[in-house]
Amino acid sequence: MDIAPGTIIQQKYQVESKLGEGSSSIVYKAIDLDLKKPIALKLLREELAMLPSRRKRFLREARIAARLIHPAVMPVRAIGEWQNTLYLVMDFHPGKTLRSILKEHTLTLEEVRSLAGQMLLCLRDAHKMPEHGVTDAGDRRSYSAPFQSGFSAATHHTGCSNS
């Protein structure tokens with residue numbers, strides 16, 4: 001399901017552009033019309049939205065991610081349904097995906113260590129508490145879109161990004 005720029009979802013979010021896609025979801029940059037700020041809108045793929053098990057998983061992961069408070073996890077602000085597919089709303093952070101960075105250049109050993117270290121700290125902290133609750137673990141510099149595609153959407157803000 002490709003959503004055209006200008007499309008308004010739930011009378012609240014206006015789609016601007018597609019940011020990326022994975023095997024289970026598509027992420028768009030949109031504007032929250034109430035708050036007048038950019039957001040990332042992640043929609044479960046249409047073909048998966050018809051499967052009760054995938055809907056349940058998407059909602060479960062969105063709810064867990066919404067409870068995570070960690071500098072390396074993109075905050076989930078809302079969940080909903082539009083045209084029979086589920087979506088979640090996250091903060092928008094400009095930058096590059098790890099995939100796009102890897103297409104541009106080979107990471108140095110220092111960059112790999114930095115990214116891997118940040119991701120491992122995030123995973124460690126996310127699994128410290130029951131149901132993956134998290135406490136603030138200090139300053140981290142990479143963000144990950146919650147679950148679904150793992151860390152494929154990690155954005156690095158220390159030398160690998162233009163933000």
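This note reviews side-chain contacts in the predicted model above.

1. Basis. Because the model is predicted, local features require pLDDT of at least 70 and side-chain atom pairs count only at pLDDT 80 or more, while totals for chains, interfaces and linings use all residues. Residues are numbered from 1 along each chain as its sequence is written, and side-chain values use heavy atoms, with hydrogens and water left out.

2. Aromatic pair. The structure holds one aromatic pair (rings of Phe, Tyr and Trp, the last by its six-membered ring, with centres within 6.5 Å; planes under 30 degrees apart are stacked, over 60 edge-to-face, the rest tilted). The ring centres of Y13 and Y87 lie 6.0 Å apart with planes at 75°, so the pair is edge-to-face. Y13 belongs to strand β2 (residues 13-21) and Y87 to strand β6 (residues 85-91), so the contact ties together parts 74 residues apart in sequence; strands are DSSP runs (E, at least two residues), numbered from the N terminus.

3. Y13 is buried at 4% relative accessibility, and Y87 is buried at 5% (buried: under 20% relative accessible area; exposed: over 50%; partly exposed: in between; 1.4 Å probe, protein chains only).

4. Salt bridges. The whole structure contains 11 salt bridges (a side-chain nitrogen of Lys or Arg within 4 Å of a carboxyl oxygen of Asp or Glu). Among them, D32 and K12 meet at 3.8 Å, N to O. D32 is buried at 5% relative accessibility, whereas K12 is partly exposed at 25%.

5. A further bridge. K37 and D91 meet at 3.9 Å, N to O. This pair links strand β4 (residues 37-44) with strand β6, 54 residues apart.

Conventions. Helix = DSSP H or I, 4+ residues; strand = E, 2+ residues; numbered from the N terminus.
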